[in-house]
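Subject: Structure handover

Hi,

Here is the structure for you to look over. My notes follow below it.

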Amino acid sequence: MANWDERYAGAPHGLFGDAPNEYVREVTARSDFRARSALVLADGDGRNGRHLAGLGFAVTAVDLSVVGTRNAFALDAARGVALERIVADLDDWSVPAGRQWDSVFLLYLQAPAATRVAALRLGWQALAPGGIFVLEGFARTLEAEAMGPGPEELRYDLDEIIGALTGAEIIEALAGRVRLDEGLRHTGLAQVVRYCGRKPAAAD
């Protein structure tokens, strides 16, 4: 696994740039997106959580990197936004009793299948009835030079996501090519999955 503290230590101004992920922009601009709180899982040095906070969301962001989170707090302050940031490994973290958010974002958590599925289920548990779950990540592909992690086991397929989010009303579930422009590490044409689903309003 990558040493994320080392990576973030070398990029205090943003490992993937400071602009938010484009899919985050697209989903939050939808006419049927009405969330005002967000849980951002694996937020790294904070660009997506920071963007949502700037839109007026009440944001909680979780990431395993102490250094990434420290950088995120500094960048938040420079932007003039405040949000709750938690340092925790998603393999171990649990949703605090009684807490829910009306949107959950999971962007580019490229990890072993057990961690990905655990994060999906964790996010679904944290999502309020009627809330929106949003995911983008590198997809499994036969292209040897594809952007993203080399091992297929660190990549997503749609069946895995749909299977983990049982009962979701699918708004969008796609696999294909998009052009990324997210700092030095995510730039160019990439094979990705994009998923947006709603938790039924009558869910327990």
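Start with the cavity. Asp43, Gly44, Ala61, Val62, Asp63, Thr69, Arg85 and Ile86 line the largest cavity. On a 1 Å grid over the protein atoms alone, a cavity is a set of points where a 1.4 Å probe fits but cannot get out, and lining residues have an atom within 4 Å of a point. Strand 2 (58-63) and strand 3 (84-87) each give two or more residues to this lining. Strand 2 has the largest share, with three residues. Strands (E, at least two residues) and helices (H or I, at least four) are DSSP runs, numbered from the N terminus.

The volume is about 30 Å³. That is the space filled by probe spheres set on the points, which are joined across faces, edges and corners. The structure holds one cavity of 30 Å³ or more.

This is a predicted model: local features need pLDDT of at least 70, side-chain atom pairs count only at pLDDT 80 or more, and totals for chains, interfaces and linings use all residues. Residues are numbered from 1 along each chain as its sequence is written, and side-chain values use heavy atoms, without hydrogens or water.

Now strand 5 (residues 127-138). Ten of its twelve residues are buried, meaning under 20% relative accessible area with a 1.4 Å probe, protein chains only. Strand 5 pairs with strand 4 (residues 101-107) in the parallel sense, over six bridges. Pairing takes at least two DSSP bridges between the strands. Valine 104 stands opposite phenylalanine 133 of strand 5. Strand 5 also pairs with strand 7 (residues 186-198), antiparallel, over seven bridges. There, glutamate 136 has arginine 194 as its bridge partner.

Best wishes

Definitions and conventions: 1 Å grid on protein atoms, 1.4 Å probe; cavity = no way out; pocket = protein on both sides within 12 Å on 5 of 7 lines; lining within 4 Å. Buried < 20%, exposed > 50% of the residue type's maximum accessible area, 1.4 Å probe, protein only.
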